[in-house]
Amino acid sequence: MLKYSHHIFVCINQRPPGHPKGDCSSKGSRDVFQKFQEEVEKRQLWEKVAVNGTTCLGPCNLGASVVVYPEGIWYGQVGVKDVEEIMDQHIVGGKPVERLLLSTLAAAMGG
Ligand code: FES
């Protein structure tokens, strides 16, 4: 049986154009999802790290949203350019990327 060290969920939700909540797909999350898959493949971590696309995770205004378990670390505004850093620093190195934490982003927005 596979035993994952990390499970990465990327919101790839898509809503109709003009929807007031917006969505993560329109913020490039499908490319983020694909990049995570590529980075896992590149590091040959497919038996240790699972990557799944999900529907809405909740914080749509701060998408693209990503959550990593088992820690329950939430990231927001994740772009393709951020994926290698999350992989190297958090998934491999064990230290979450502070500047992309949902709590950091929310605090910067005054909430
Ligand atoms: S649409 Fe991605 S968090 Fe809601």
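Against which strands and helix do the buried residues of H2 pack? In this predicted model, local features require a pLDDT of at least 70 and side-chain atom pairs count only at pLDDT 80 or more, while totals for chains, interfaces and linings use all residues. Residues are numbered from 1 along each chain as its sequence is written.

The buried residues of H2 pack against strand S1 (6–11), helix H1 (29–42), strand S2 (49–54) and strand S4 (73–75). Helices (H or I, at least four residues) and strands (E, at least two) are DSSP runs, numbered from the N terminus. The residues of H2 that are buried are Val83, Ile86, Met87 and Ile91. A residue is termed buried if 20 or more other C-beta atoms lie within 10 Å of its own, exposed if 12 or fewer, and partly exposed in between, with C-beta atoms placed from the backbone. Helix H2 covers residues 80–92, and its 13 residues reach 18 Å from the first C-alpha to the last, close to the expected 18 Å; the expected span is 1.5 Å times one less than the number of residues. A bend of about 35° occurs in H2 at Ile86, given as the angle between axes fitted to the seven residues ending there and the seven starting there. Just after H2, Gly94 adopts a positive phi of about 80°.

The chain contains 3 helices and 4 strands, arranged along the sequence in the pattern β-α-β-β-β-α-α. Its radius of gyration is 14 Å, close to the 13 Å that the globule rule gives for 111 residues, so the chain is as compact as a globular protein of that length. The radius is taken over C-alpha atoms, and the rule is 2.2 Å times the number of residues to the power 0.38.

Leaving aside neighbours within four places in sequence, Val66 is in contact (C-beta atoms, placed from the backbone, within 7 Å) with Ile8, Phe9, Val10, Tyr75 and Val78.

Cys60 lies in the loop between S2 and S3. This residue counts as buried because it has 20 C-beta neighbours inside 10 Å. Residues up to four places away in sequence not being counted, Cys60 touches Lys21, Gly22, Asp23 and Cys24.

Technical notes
Contact = placed C-beta atoms within 7 Å.
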